[in-house]
Structures are given as structure tokens and as C-alpha cells.
Amino acid sequence: MQAALEDLGYNSTHHMHKVFQNPGSECIMWNEALEAKYQNKGRKFTKKDWDQLLGHCQAVADVPAAAFIPELHEAYPDAKVVIVQRDPDRWYESCCRTVMKFSSSPQLRVLYFLDRWLAMRLAPFMGLLLTSLFGPMTEDPVKRRENWIKGYTNAYDEVRRIVPAEKRLEYSLEQGWEPLCNFLGQDVPKKPFPHVNDSASFDAGIKVLVKRMWVRAAKQNLPFVVGALAIAAAWWMYG
């Protein structure tokens, strides 16, 4: 959906990828919003706060924005909402291949250990986002699937309950450009509708993020490594 919106000229479409690309300020503000809503910590976000976080965006898609449907509708009541229809079971399997796989990967744990700055921002954000939407994490695969699909369907029901019918579109990606463009008041592009593979797109974004994380971790730990090597070399030569 993000690719389609960007093809229509919504060039600043916020998505989880944006958080991964800028985990510093993004994670801090999203974490504050999550704590205020789901843990009653701090103050509720106002339109001024949402403008600071999302004011540069022309559209939002996916999480973390999907965790704040009532708040964003209150802040931007004239915004149109596209409800993308997906089979819940296929959606869950996609999550298993992407966000769950990444959030529990050994490589991420190593990076958290090496980069405490990142660990203090991305780890709390990811944990709070997932538990807020889908409940406590469980090792029981049946219960986990049940919790995630329940959170998914609850979010859809919330949109339909809150957003007026004239402001929302029930839409399937297989329908292509025409119903989407008619709803948004856009001309139908001449290019084919983008059918982006969710898993491949997520993996590509994660590879960029992980590369940046490794570079940052290397810079942070280089002085310690050099110092340790110098001590080892001195011990070897003069010990």
C-alpha cells in the first residue's frame, strides 16, 4: 500500500520502515505516545504532538500509526482512510516471516549488547508496540496466533466504528488503481499497480537498518577493541 500511495504522489508516507531508518527521535516519540495511551504514563498526545511527529507526512500506513486510530482521527478528522482487506491468517504468516523473525533474531540481541543507545530506544519501542496491540508475548504458537489475529481484527473493527463511511474505503490490492484513485480524487496512473512482496520489502529495509547498526556499533566499540589489542600486543612483546 505504501508503494501505491507513493506512486500517487504521497511521497512522505510514514511506515514502520521510517522508524527503522531513524530510530532515535522516532522511537522516543512513538514510545511516549504508546506509554500515554496504553500505560497511562505521561500526557496524552495533542494535535501539536502529532504534527511534530507526522506533520511532514502526506499519509501513514501500517504500524505504528495503526496503534493510534482514534487519536489520529481526532487530530485529522478530514483525513480519508483506506481499509486494506487481507486474509488474517495470511497476514499473520507474513508477520512471522518479518517483524517476529527480526525482533527475536540473535543478531539483534548482539547489536543491542554492542549499542546501548539503540537498545534503550528500539527495544522498548518494539516490545511496547507489539504487546499493546497483540497482548503479552507467549511461546505457545496457538495462543500467539490467536492473540495477533484478534488484535488485527480489533483494529479493523475500530476503524469502521470510528471513521464515517464517507471517509473510508474498503479496498483490496487486487482491485488495482481505479477504486483507490476515485476515492482519493487522483488520476489513474498509466503504470501498473505495484504488487510489492511484503516479506521482501521488509527484509530489504531490515538489511539497511542492520548495516547502519553494525557501523554504529563498530564506531562505538572501536576504542575498546584497539585498547584491548594494544594491551595484548604489549603483553606478548614484553610479558
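**Exercise 1.** How many aromatic pairs does a search of the whole structure find?

*Solution.* The search finds 13 aromatic pairs; rings of Phe, Tyr and Trp (its six-membered ring) pair if their centres lie within 6.5 Å, with planes under 30 degrees apart counted as stacked, over 60 as edge-to-face and the rest as tilted. A note before going on: this is a predicted model, where local features need pLDDT of at least 70 and side-chain atom pairs count only at pLDDT 80 or more, while totals for chains, interfaces and linings use all residues. Residues are numbered from 1 along each chain as its sequence is written, and side-chain values use heavy atoms, leaving out hydrogens and water.

**Exercise 2.** Describe the aromatic pair of Tyr92 and Trp148.

*Solution.* Start with geometry: the pair is edge-to-face, 6.4 Å centre to centre with 75° between the planes. Next, place the residues: Tyr92 lies in helix H6 (residues 88–103) and Trp148 in helix H10 (residues 141–162), so the pair ties together parts 56 residues apart in sequence. Helices are DSSP runs (H or I, at least four residues), numbered from the N terminus. Finally, check burial: Tyr92 is buried, with a relative accessible area of 3%, and buried means under 20% (1.4 Å probe, protein chains only). Trp148 is buried too, at 2% relative accessibility.

**Exercise 3.** Which kind of aromatic pair do Phe134 and Trp148 form?

*Solution.* Their pair is stacked, with 4.0 Å centre to centre and 10° between the planes. Phe134 belongs to helix H9 (residues 122–134), 14 residues apart from Trp148 in helix H10. Ring pairs also link Phe134 and Trp148 into a cluster with Trp91, Tyr92, Tyr152 and Tyr156.

Key:
Helix = DSSP H or I, 4+ residues; strand = E, 2+ residues; numbered from the N terminus. Buried < 20%, exposed > 50% of the residue type's maximum accessible area, 1.4 Å probe, protein only.
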